[in-house]
Amino acid sequence: MNPLAPADQYARALAFRALHERPRPFVVPNPWDAGTARLLTGLGFEALATTGAGLAYALGLPDGTDRLTRSEILANASAIVAATPLPVSADLESGFGDTPDEVAETIRLAAAAGLVGGSVEDSTGRPEDPVRPLEEAVERVAAAVEAARALGFPFTVTARAENFFQGRPDLPDTIRRLRAYEAAGADVLYAPGLPDAESVRAVCEAVGRPVNVLMGSPALALSVADLGELGVRRISVGSALSRAALGAVVHAAEEIRAGGTFGFGARALPYAEVNALMAAAPPATVRKD
């Protein structure tokens, strides 16, 4: 069931769309549960996006296509939506289906979970053939867009070109794909794994829609201001926050096991501060029916 009242979801959708129209980029961090959604809300971000990898790790699973079901992804997204007054977009992987109709159904179910946006990627999940043929990928983006336009509120469709993420560092083909997804109606374009500033600039200059860039890798050491100068409009961190949290747990556990000390506690958020951050973010305006 959608945790939001229709008017609330519509207002969030408008707010999310407006963030992409500003002259400077915005950061959409990626919580993996309701608690991290409330923390990030209390810290002043303007929108949130889910992370499939972060959720997989929280459930004790490796990341990967079809490791999580559509129902698990959307239940997690709905819990995040209910924990924050901010717009929430979702990582919808490759649309959870083999056909364009199944991708369209995923968009409708995402909206029913309270989401106001979602990304659909062109990966296949097959190691021997990791990226879909362009024509097939375009059909799936077009189906997602058509379903989104029928919702009655501006659901933001992000189309992802996965070449670099799938070990195929082909910038011309990535740009060709993003242009095709733009022509199919995608609202935002996204090529995760771009290796440097020049490739980011090339993507931004090649298309006429807002571009999202994935950050968090030390190999791409660019600031928000740097990315804005390159033409980026939205910045996500994917699973980086969840992996940073896991890194803190591992380092603390290693200190305990190897040294028998507990110095990690000095770097932990104080109990009262965590409570205050959790309380600072008001919950969603929930449905009354």
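Biologist: Which residues is N30 in contact with, leaving aside its neighbours within four places in sequence?

Modeller: With those neighbours left aside, N30 is in contact with L40, A49, T50, T51, S236, V237, G238 and L241, where contact means heavy atoms within 4.5 Å. This is a predicted model, in which local features need pLDDT of at least 70 and side-chain atom pairs count only at pLDDT 80 or more, while totals for chains, interfaces and linings use all residues. Residues are numbered from 1 along each chain as its sequence is written, and side-chain values use heavy atoms, with hydrogens and water left out.

Biologist: What does the side chain of N30 reach at 3.2 Å, and what at 3.0 Å?

Modeller: The side chain of N30 reaches the backbone oxygen of A49 at 3.2 Å and the backbone nitrogen of V237 at 3.0 Å. Both are polar contacts, a term for a pair of N or O atoms within 3.5 Å, where within protein one must be able to donate a hydrogen and the other to accept it, and where residues adjacent in sequence count only if both atoms are side-chain atoms.

Biologist: Where does N30 lie, and why does N30 count as buried?

Modeller: N30 lies in the loop between β1 (26-28) and α2 (34-42), the helices (H or I, at least four residues) and strands (E, at least two) being DSSP runs numbered from the N terminus. Buried means under 20% relative accessible area, exposed over 50%, and partly exposed in between (1.4 Å probe, protein chains only). The relative accessibility of N30 is 3%, so N30 counts as buried.

Biologist: How do you know that the end-to-end length of α7 agrees with what its 13 residues should span?

Modeller: The expected span of a helix is 1.5 Å times one less than its number of residues. For the 13 residues of α7 this should be 18 Å, and the end C-alpha atoms are 18 Å apart, so the two agree. In α6, the 16 residues reach 22 Å from the first C-alpha to the last, close to the 22 Å expected.

Biologist: What caps the N-terminal end of α7, and what follows α7?

Modeller: D170 is the cap, with a side-chain oxygen 3.0 Å from the backbone nitrogen of D173, and after α7 comes G185, whose phi is positive, near 110°. The backbone oxygen of D170 is also reached, at 2.8 Å, by the side chain of T174.

Biologist: Why does T174 count as buried?

Modeller: T174, in helix α7 (residues 171-183), has 0% relative accessibility and therefore counts as buried. With neighbours within four places in sequence left aside, T174 is in contact with A161, N163, F164 and A191. Other buried residues of α7 include D173, I175, L178 and Y181, and the buried residues of this helix pack against α6, β5, β6 (188-190) and α8.

Biologist: Since α8 has come up, why is C204 called buried?

Modeller: C204 lies in helix α8 (residues 197-206), and its relative accessible area is 12%, which means that C204 is buried. Apart from neighbours within four places in sequence, C204 is in contact with V211, L230, G231 and V232. I175 is 29 residues from C204 along the chain, and the C-alpha atoms of the two are separated by 9.3 Å.
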